[in-house]
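Here is a short report for a reader meeting this structure for the first time. Look over the sequence and the model before reading on.

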Protein chains: 2
Amino acid sequence: MRHIRDADSSLDDEHRIVDRIYSAVMQQALAPRTKLSEATICESFGVGRMRARRALLLLASQGIVELRSNRGAFVASPDQRDADEIFEARIHIEPSLTAQVAQRYDAAGLRTLRDHVAKEKSARASENRQEIIRLSGEFHVLIATVSGNGFLTRTLRELVTRTSLIVAMFGSGPASCCREDEHETILDAIEARDASRASDLARAHLETIRRNLDFTKTPDSGSDLVSVLRSPSFSGSVTSQTAAPKELKNFANGS
Amino acid sequence: MRHIRDADSSLDDEHRIVDRIYSAVMQQALAPRTKLSEATICESFGVGRMRARRALLLLASQGIVELRSNRGAFVASPDQRDADEIFEARIHIEPSLTAQVAQRYDAAGLRTLRDHVAKEKSARASENRQEIIRLSGEFHVLIATVSGNGFLTRTLRELVTRTSLIVAMFGSGPASCCREDEHETILDAIEARDASRASDLARAHLETIRRNLDFTKTPDSGSDLVSVLRSPSFSGSVTSQTAAPKELKNFANGS
DNA sequence: CAGGGAAGTATTGTTAACAATACATGTCAA
DNA sequence: TTGACATGTATTGTTAACAATACTTCCCTG
């Protein structure tokens with residue numbers, strides 16, 4: 001008797017696509033307004049059109065992608081209102097969640113977090129921008145993971161990824177993602193089982209990120225989808241495109 | 001020049017289906033494990049198979065529906081672990097959110113909440129079980145709506161609906177959904193701008209609901225999908241089926 | 001009568017062709 | 001040169017047929 005687990009490719013395929021695009025957005029390899037054409041996704045992942053469309057629908061249902069009728073799918077471009085909602089939601093959830101983790105964490109969870117912060121530090125040392133961004137976001141998801149709550153893990157994953165889009169659009173200067181030894185401070189408070197301090201630090205951390213947004217900023221152009229999806233781990237040399245890809249011409253003007 | 005808004009039927013169709021099934025689950029007209037066959041949905045809503053499948057995928061992505069490969073879609077049947085996660089998440093979010101509403105509500109928001117509580121009272125007076133259940137759940141979503149946060153509104157909608165499924169599975173006795181003048185008490189605290197009391201009451205309210213769950217309970221059978229979806233507002237005479245529909249035979253045994 | 005297996009039916013999963021829409025190109029006139 | 005218009009191309013949306021899987025029923029055997 002073998003295991004019942006279906007090993008069904010269909011769901012896994014979609015998860016693969018969704019995860020990949022999630023990661024790419026999270027580490028700002030995919031800029032807001034980038035067009036995600038069905039054909040490109042089909043070729044990049046070697047799947048049929050149906051799978052591509054299903055994946056795009058899932059991404060759209062989580063606010064990562066925007067579907068425009070007869071026009072296709074685009075990486076979402078949150079506005080200030082979206083940003084307010086996302087940060088407000090995070091401020092409702094994360095301090096409380098961090099406090100809970102401080103109260104209940106076990107040895108394995110703490111080690112996971114410590115390892116992660118170490119990775120963050122080494123990424124910052126090597127000035128790998130995408131890695132820094134990815135790990136910075138992932139820290140917040142990891143808090144939820146360590147708490148053991150699957151629902152909140154998924155919720156935070158969405159919130160963090162959408163935050164990446166927000167920072168991509170409105171982040172002011174290189175400081176917006178990088179000055180984060182704050183994670184280590186938060187982790188110290190967690191380790192000390194100081195729930196209220198951990199909670200306060202988490203809130204302050206979020207408000208710091210929020211404060212570094214500049215909503216008067218002019219939007220950047222999209223990225224080149226093919227080159228982004230080509231590299232399996234995105235750790236490669238995908239530098240931000242200066243010239244706007246063809247597909248985005250009509251998005252150039254703000255009003 | 002007319003408005004740009006597309007009035008595109010495709011997205012609206014899916015939203016219609018999703019909303020309808022959401023409502024049905026929320027007011028416990030659709031029991032856990034009920035099979036949602038594509039054919040039934042196509043006929044009930046007069047849409048093609050594509051739309052039905054897309055709607056089911058969306059519902060699945062929010063944990064309301066479970067997709068089994070080659071077997072179809074079923075109303076989700078949360079287990080104790082799911083229940084723990086959902087309630088934990090709600091306890092992280094709702095007290096904080098309620099406190100915020102207490103601090104920031106405006107006249108229109110307060111009126112909305114008061115009207116709603118009045119409707120709850122009258123539903124309880126007329127002993128309309130489904131209406132009571134629906135309104136009880138909706139109160140929590142309405143808190144988020146009044147807060148003006150779209151993300152949290154959607155999140156709470158999902159949480160409340162999944163809570164309905166949990167209560168349908170593990171609710172002990174008729175008390176599990178109905179003894180809720182607590183909503184009025186919470187609203188009083190909100191109106192008095194007493195954020196910390198509102199927060200405490202919200203938490204206590206959730207813990208009361210959680211305490212009334214009995215995880216040793218044997219699961220009920222599913223509902224008849226066609227009759228549920230037939231009535232536009234579900235206010236009709238859909239009484240819970242005692243006999244298990246054909247489709248659910250094989251779900252009867254636990255192991 | 002119970003259990004197992006085989007054929008038929010029903011449902012879901014997938015693909016491919018078609019239709020509809022938007023986009024790009026090139027032409028013409030002012 | 002610029003703008004509008006028409007044509008052609010590319011992309012998305014939809015449908016229907018086909019394939020694969022699961023379910024039901026019936027029959028056969030013990």
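## Two helices of chain A

The axes of α4(A) and α10(A), the latter spanning residues 195–211, cross at roughly 150°. Therefore α4(A) and α10(A) are roughly antiparallel to each other. Their axes come within 8 Å. The crossing of α4(A) with α10(A) is right-handed.

Which residues of α4(A) and α10(A) make the contact? From α4(A) come Phe87(A), Arg90(A), Ile91(A), Glu94(A), Pro95(A), Ser96(A), Thr98(A), Ala99(A), Ala102(A) and Gln103(A). From α10(A) come Ala195(A), Ser196(A), Ala198(A), Ser199(A), Ala202(A), Arg203(A), Leu206(A) and Arg210(A). Sorted by class, this contact holds nine nonpolar, five polar and four charged residues.

## Confidence in chain A

The mean pLDDT of chain A is 85. A score of at least 70 is reached by 78% of its residues. Helix α4(A), residues 80–104, has the highest mean among the elements of chain A, at 98. Helix α8(A), residues 175–178, has the lowest, at 60.

One is residues 1–7, with one contact beyond four places in sequence. Another is residues 234–255, with 29 such contacts. Where pLDDT is low, the predicted coordinates should not be read in detail.

## A hairpin in chain A

Strands β2(A) and β3(A) cover residues 65–68 and 72–75. They pair antiparallel, over four bridges. Leu67(A) faces Ala73(A) of β3(A) across the pairing.

Three residues lie between the strands of this hairpin. Asn70(A) takes a positive phi there, near 65°.

## The sheet of chain B

Chain B has an open sheet of three strands. The order is β1-β3-β2, and the pairing is antiparallel. Why does one side of β1(B) and of β2(B) lack a neighbour in the sheet? β1 (35–36) and β2 (65–68) of chain B stand at the edges, each with a single partner strand, so one side of each is left without a neighbour.

Four bridges join β2(B) to β3(B), residues 72–75. Ala73(B) of β3(B) is the bridge partner of Leu67(B). Helix α3(B), residues 49–61, lies across β1, β2 and β3 of chain B. The angle between α3(B) and β2(B) is about 115°.

## Where the chains meet

Chain B gives 21 residues to the contact between the chains, and chain A gives 21 residues. On the chain B side, α3, α4 (80–104) and α7 (150–170) each supply at least two residues. The largest share of that side, eight residues, comes from α4(B). By class, the side of chain B that touches chain A has eight nonpolar, eight polar and five charged residues.

Helix α3(A), residues 49–61, meets α3(B). Their axes come within 10 Å and cross at roughly 50°. The helices α3(A) and α3(B) are therefore oblique to each other. Their crossing is right-handed. Arg54(A), Leu57(A), Leu58(A) and Ser61(A) meet Arg54(B), Leu57(B), Leu58(B) and Ser61(B).

Terms used: Residues numbered from 1 in each chain as written. Chains lettered and ligands numbered in written order. Predicted model: local features only at pLDDT ≥ 70, side-chain atom pairs only at ≥ 80, totals over all residues. pLDDT = per-residue confidence, 0-100. Contact = placed C-beta atoms within 7 Å. Axes fitted to C-alpha atoms, helices over the stretch in contact; angles between N-to-C directions. Parallel < 35°, antiparallel > 145°, perpendicular 65-115°, else oblique. Left-handed = near helix turned anticlockwise from the far one by under 90°. Nonpolar A, V, L, I, M, F, W, Y, C, P; charged D, E, K, R; others polar. Pairing = 2+ DSSP bridges.
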